[in-house]
Amino acid sequence: MSWEILIPLLVLLPLAGSILNAAFGRYFRGSAGIVGTLFSFASFGAGVIAFLQYHPLENQQPQIVNFFPWLEVGAFKVDVAYQVDQLSLFMTLIITGIGSLIHLYSIGYMKGNPGIARFFSYLNLFLFAMLHLVLAENLVVLFFGWEGVGLCSYLLIGFDTHKENAANASIKAFITNRIADLAMIAGIALTYWLVGSVSFTKIAENLPQAKFFQQALPIVAICFFVGAMGKSAQFPFHVWLPDAMAGPTPVSALIHAATMVTAGLFLIARLNYIFVLVPQVGFWIVCIGTFTAFFAATIGVYQNDIKKVLAYSTVSQLGYMFVAMGAGAYVAGLFHLLTHAFFKALLFLGSGSVIHSLHDEQDLRRMGGLKSQMKITWWTFLLGTLAIAGAPPFSGFFSKDLILEKAYFFHPVFFAMGVVTAFLTTFYMFRLTLLAFTGKSKVAANVHPHESPWTMTLPLVILALGAAFSGYLLVPESLGGVDVLERYFAPVFAQGLGYSAKLKNSHVALHHLAPSEELLLALLSLGAILLGFGIYWIFFAKKEKLPSDESAYTGWRALPANKYYVDEFFQNVFVGPLTSVSEFFSEVVEKRWIDTVLVGAGRISEGVASVLRRIQTGTVVDYAFLIVLGTVLILSAFLWRGI
Amino acid sequence: MNPGVLKPMIAGIPVEYLLILACIVFSIGVAGVLFRRSAVIIFMCIELMLNSVNLVFVVFSKSLQQVQGEVVVFFVMAIAAAEAAIGLALVVAIHRKKKTSFVDEMNLMKW
């Protein structure tokens, strides 16, 4: 009983921080960031205690913490309840842990911004919503968090309300996610219809007994997957994520690393017992994941905005995670989620540190040579780059190779695509790092780069430690064999595995490679990384020529440089026609037709009135005459017809 | 008494004659209201119309041998007196303000 109280507490602390900053932020202007950060760290602390009290390695059963009953309509019953198990605690720690570091960093980054209280209020609210998403005991509370992070992303991306591109980007993120959410809502409704409950434990229990569940399950899985695609920015819903860079850099880090984009993966992991039963949907998830990973990596190669490169890299890494999820290797996907949270937060905060020191310069072509002026940022950033590229012995090496290994089981083609993507990742990440930190300085003459304050560098150092060492939670047998994470997650996925074994259509058999094969695959991906680095080093790094503008590329290069014209495609196929139709309705139907009718009706009564009011002379005699005339007419009518 | 049966003569004068007389008086009144401009004369013409109506009431009352008609006449007289008092007061008030009692010139309420 004692520690269960911690769960509502850890959820409510960020909300309290948000309300405090929203209501009284203007009175403690300077310390708004400290308040927000304290509440965030307090939430993290509560999370750590709950984690330790739960004993995740021994405890098999999820713990339900019922906060209060919420909806009760007939048989439909929803409580605001939290499910505490290995998965939700894992996510909670990542979200509050990395989120808190980003809060701390924001104190330095947002210093002097007049909207700092508003910023921290939103940031705390984001944590509040995200914690509901991952701790939810049922689909409705999850959906509350799901929409909550959508709202907060809208508020945060459009934080600089006076910037038009920020406002547009926030609207784009919101609308793209709403489109995907339609599928999500359909999935929730279908699940309720099939199983008669929205609670995760009940769904898991009752699923095999549900009527028509064999026929309906693929549809349910597809619905949830489309919802996940929206949040996790999979092709073709990825368009919002790069544009979301218009928000302040800590926001990008938060959305990209710890929250929002991981929601889709979390959903699939949470509903793993649905997804393991439909391998055909799993196949499509792998396809889309592989494609997204490759596709986004090629775009990343051609970007010149430091944050845009990282944004496409996020899309690409999420593609990897979806490959793992589709292949049924949930632990591998969550492992990469964890390591990615560390190194992507590190990279974003590092780029923020650069942007900060160069006074809001984001163009790689106007950086260079920052190595000597920003030592901490340079070393941590380099470490992040090595980790994301998958260089041993850093975290990305273990998590990415695990996914590639699982993809190999699924089909060697996916493995090959993954290796090519790893090659591209190394290429663009070193391009980014080396362009920004080495070579001749191309910084504008009036800007003097300097290292950021400790509130910004401390999170960088902590995240760098995480990026370096978090990989040791799951090490393949050939390299020592640590399976802490595997054992940790085993209870969460046991039920799904049981169902799939019973139904004999499993693709999630727990096969392991022989150590020699494992090593061979690892060497292959390592080769790709070395090749990526080598090609960049030999052919591009030595040239002092600056990368061209995106529009300068011609021929086939124009495709990735212009993001494969996906935005233009959406613009022409959906937005354009919709705008024309709306314009037709507003200009022709409303202004010409409807207004004509309404204004015409007004004109007619006005015209009639202008004739009739001539009768109103105001002269007594005229009225008397009319009365007499009327009386005579009525009387004659009566006389003529006979009374 | 035998209500409903019309006596054709009243004091030796046929009822029709009396009704025709009332009609003539009423028409004179109407014509006066419509064609004269002085508010005072219009009031006098209204009195003519009211009295012609009174005459009709009395004639029918006698002819039908019922008393209700004559009772109504008293009411009409009372109302006519009250109306004349108020109406003349208004005319005097307007005359003070506009220095006229011609009704065509009292058209302030026009559109």
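Does His340(A) count as buried or exposed, and at what relative accessibility?

## His340 of chain A

At 1% relative accessibility, His340(A) counts as buried (under 20% relative accessible area; exposed is over 50% and partly exposed in between, with a 1.4 Å probe and protein chains only). This is a predicted model, where local features need pLDDT of at least 70 and side-chain atom pairs count only at pLDDT 80 or more, while totals for chains, interfaces and linings use all residues. Residues are numbered from 1 along each chain as its sequence is written, chains are lettered from A and ligands numbered from 1 in the order in which they are written, and side-chain values use heavy atoms, with hydrogens and water left out.

His340(A) sits in helix H15 of chain A, residues 330–357 (helices are DSSP runs of H or I, at least four residues, numbered from the N terminus). Leaving aside residues up to four places away in sequence, His340(A) touches His256(A), Thr314(A), Gln317(A), Met321(A) and Ala345(A) (contact means heavy atoms within 4.5 Å).

## Tyr320 of chain A

Tyr320(A) belongs to helix H14, residues 306–326 of chain A, and counts as buried at 2% relative accessibility. Not counting residues up to four places away in sequence, the residues it touches include Gly289(A), Ala293(A), His336(A), Lys400(A) and Gly418(A).

With Gly418(A) there's a polar detail too: its backbone oxygen lies 2.7 Å from a polar atom of the Tyr320(A) side chain. As for Pro218(A), it is 102 residues from Tyr320(A) in sequence and 22 Å away in space, C-alpha to C-alpha.

## Helix H3 of chain B

Over in chain B, helix H3 runs through residues 68–98, and its 31 residues should span 45 Å at 1.5 Å a residue; the end C-alpha atoms are 44 Å apart, which agrees (the expected span is 1.5 Å times one less than the number of residues).

The buried residues of H3(B) are Gly69(B), Val73(B), Val76(B), Ala80(B), Gly87(B) and Val91(B). Helix H2 (39–64) of chain B is included in what covers them.

## Where the chains meet

Ten residues from chain A and nine residues from chain B make up the contact. Together the two chains bury about 860 Å², 73% of it on carbon and sulfur atoms (buried area is the accessible area, 1.4 Å probe, that two parts lose on being put together, summed over both). There are zero salt bridges between chain A and chain B (a side-chain nitrogen of Lys or Arg within 4 Å of a carboxyl oxygen of Asp or Glu).

Key:
Helices (H or I, at least four residues) and strands (E, at least two) are DSSP runs, numbered from the N terminus. A polar contact is a pair of N or O atoms within 3.5 Å; within protein, one must be able to donate a hydrogen and the other to accept it, and residues adjacent in sequence count only if both atoms are side-chain atoms.
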